[in-house]
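Have a look at the structure first.

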Amino acid sequence: MAALGDRLRALLGRRNEPKTLISVQKDRRVVVASILILLLLGLPLWWTTTRVYRAELPTSEIADFAPNQELVVPFCFYVDTPSEMTIATENIERMALELLDKRRLPYAPSEWRVRYTARIRHAAKAPDVPGHYLLRLREAPKSTVHFGVGRIADVTVTPSNDKQRDATVAHLVADIVAKEEREVREKGGARRALKYAPEYSVTFTLLNEDPVGGASVSWDIERAADVFVRPFVDALRPLAKLAVSTQVLHHAGPPPVKPLAHDNGTYLTPDMLPHFANSPWWNLASIDPIAPTINFILYVPALQSQPMSIVADNKQPSDTNAFVVSQWGGIAIANLPADTKAGSSVVISRDDLQRYFGIFIAQLRELVGIRSDTPLSRAKGPVSVQQATTTGISDWELDALMRQWLIATRQTAITTLQSLVRLVESMENMVVMDEIKTQVDQSLSALRSISDSLTMSRDISHIQAFELAANAS
């Protein structure tokens, strides 16, 4: 390069000298060489600085995840028996799996395939983790099943031979597993429930329709939330965070639908309820603009509208005087004491709030997708299910919700990755940075690990599979 530069300077210095044939040829070679060097150096630089960077995505691995690939979700049941009672766990497991196969409905062509299975072991204890359940088997004159709040069921069977006893246990296991699989595939109750999110913003609002012409209303919300809401929030924490906030709103104004009058007050009909939640006028606040918000309204009507009630389709008053708004929240109507005067001050105490928060917790369970007849319907034979009155959710219900969210988030993660691949392939000039590829690789790794955590020979882990699905989505 230095020699070429000297040659150019010499050429410029002799531009006024007479040209010879030899000098012209040399000058031409210098010019051609200069152009070639510029092209050799400039083209790569131009290509590097102007081309669209596209990190290579693992498209073939993403395409491997398809709806016809079964996700196997095993339950592990531990059967505890008295020393004089014998059971054949292999026969019970075989019969239970045969029953499950017979009850399984055919898969639709585009349906994501999910198959629940069962494993049976003979043991006096079960690990206290999701997916592992203890069946305490005893003989009694009458056959009954009682599901406790924990992952335990007390099963009594009438005296019989070993074969009949094994069949009874196999049918019970099949009933539990088949019911949940059917509900997950049918997505029962999904219309009202919100989609899974790692965090929800839950807001409780006291809404006073007419504090000027009526009464000034306040509530003992701090103590009530700590007693009635905190246990449920803590119980659900392994799956999702519930960020709870409270507020009081005055001057709500009249509702968008006018309650109908009757002799003793006013009432709302079922067809009026969807229009009752006037959220734009109510100016409901949220502490988190990103997390899905669940609103619970304790609505105090104007004094002239009280008592306000909700009537069912059969014209009978609602037992709860409350209703659920799908994927939004719930509203409960609070009528003040009959002797309340205009201008007076009313405090809704913690004890008075217990009834309303019992309603709100029931609505919250429905909105996050908890089914109240888990693990079996109480109407099915001699079955009793202990209610989790302290926390608002039993371990059976928590596990079922976990598996429901696991399946939904896994499907969401797969469809999101496949949509990303289609988008990248359809837009040739789209930039794909290494950070995107890293996130895709992490999601794929989590998706592959889900099946591993569910199919380990001994220690199946539903909570680990759920966490992997949440990370992949």
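Helices here are DSSP runs (H or I, at least four residues), numbered from the N terminus. This is a predicted model, where local features need pLDDT of at least 70, side-chain atom pairs count only at pLDDT 80 or more, and totals for chains, interfaces and linings use all residues. Residues are numbered from 1 along each chain as its sequence is written, and side-chain values use heavy atoms, with hydrogens and water left out.

**The second largest pocket**

- A pocket is an open set of points on a 1 Å grid over the protein atoms alone, where a 1.4 Å probe fits, with protein on both sides within 12 Å along at least five of seven lines; lining residues have an atom within 4 Å of a point.
- Seventeen residues, written 17 in the count, line the second largest pocket, and Gly-358, Ile-361, Ala-388, Thr-389 and Gly-392 sit nearest its centre.
- Helix 6 (221–228), helix 7 (230–236) and helix 9 (350–368) are the elements giving two or more residues to that lining.

**Helix 11 against helix 12**

- The axes (lines fitted to C-alpha atoms over the stretch in contact) of helix 11 (residues 434–455) and helix 12 (residues 462–472) come within 8 Å and cross at roughly 165°, with angles running from 0 to 180 degrees between N-to-C directions.
- That makes the pair roughly antiparallel, a label for angles over 145 degrees.

Note on methods:
Parallel < 35°, antiparallel > 145°, perpendicular 65-115°, else oblique.
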